[in-house]
Amino acid sequence: MDINRYMELLDRAEKLKNNTRHSWTSSGRHESVAEHSWRLAFMAYFMKDEFPDVDINKVILMCIMHDFGEAFTGDIPAFDKTSDDENTEENVIKEWIDSLPEPYKAELADLFAEMKERKTTEAKLYKALDKMEAVIQHNEADISTWLPLEYNLQLTYGEKETAFSEATRNLKKRANADSLEKMKNR
């Protein structure tokens with residue numbers, strides 16, 4: 001790849017370090033999109049023993065790339081995101097992928113299509129972990145950062161996505177227990 005194009009990609013990716021999410025860290029600051037994606041990839045790596053037949057490197061790549069559209073659009077919390085917002089993000093990603101040289105263009109187009117369809121175990125796992133990372137991060141943040149709607153959302157967010165496997169159901173169960181304990185102790 002041309003070095004100038006490479007540097008452009010790095011510049012765009014850097015936006016994910018600056019773009020913050022609705023989530024707060026345990027130290028009391030907003031979490032960046034990049035921090036969320038990094039920990040999501042970390043979570044995926046440590047699931048490989050639970051999913052020995054899964055291409056865990058593909059799951060990690062999904063985790064790294066899944067919110068890349070937010071390098072263009074910024075983050076919109078899930079409870080505020082509309083179908084128009086999702087379409088805008090999807091279109092900007094498609095345009096960005098179409099601008100890439102091969103083999104990246106074809107590889108990432110296939111990856112994003114697989115993530116959207118969520119038919120493979122890899123795509124299901126990435127999505128379940130994505131939801132759980134947000135729940136876990138909320139549990140780690142001070143409860144004063146929670147919006148009123150998040151008390152219920154903590155217990156329901158990711159329920160559908162985690163239902164596909166025992167490992168992800170167990171993660172959801174543990175996150176829910178942590179949420180309930182946090183709510184009880186506030």
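The model is predicted.

**Helix α5**

Begin by selecting residues 83–98, which make up helix α5. Its 16 residues reach 22 Å from the first C-alpha to the last, close to the 22 Å expected at 1.5 Å a residue. At the N-terminal end, display the side chain of T82, which caps α5. A side-chain oxygen of T82 lies 3.3 Å from the backbone nitrogen of D84.

Next, colour E89, V92, I93, W96 and I97, the buried residues of α5. Turn the view to look down the axis of α5: these buried residues fall within an arc of 135°, so they line one face of the helix. Then show the elements against which the buried residues of α5 pack, namely α1 (3–18), α3 (56–65), α4 (70–73) and α6 (104–117). On the face turned away from the buried side, select D84, K94 and E95, which are exposed.

**The aromatic residues of α2**

The structure holds seven aromatic pairs. For one of them, select W38 and F42, whose rings are stacked, with 5.3 Å centre to centre and 25° between the planes. Both residues belong to helix α2 (residues 33–45), where they stand four residues apart, about one turn of the helix.

How accessible are the two partners, W38 and F42? W38 has a relative accessible area of 56% and is therefore exposed, the cut-off being over 50%. F42, with a relative accessible area of 42%, is partly exposed.

Terms used
Residues numbered from 1 in each chain as written. Predicted model: local features only at pLDDT ≥ 70, side-chain atom pairs only at ≥ 80, totals over all residues. Heavy atoms only, no water. Helix = DSSP H or I, 4+ residues; strand = E, 2+ residues; numbered from the N terminus. Expected span 1.5 Å × (residues − 1). Buried < 20%, exposed > 50% of the residue type's maximum accessible area, 1.4 Å probe, protein only. Arc of directions from axis to C-beta. Contact = heavy atoms within 4.5 Å. Polar contact = N/O pair within 3.5 Å; in protein donor to acceptor, adjacent residues only side chain to side chain. Phe/Tyr/Trp six-rings, centres within 6.5 Å; stacked < 30°, edge-to-face > 60°.
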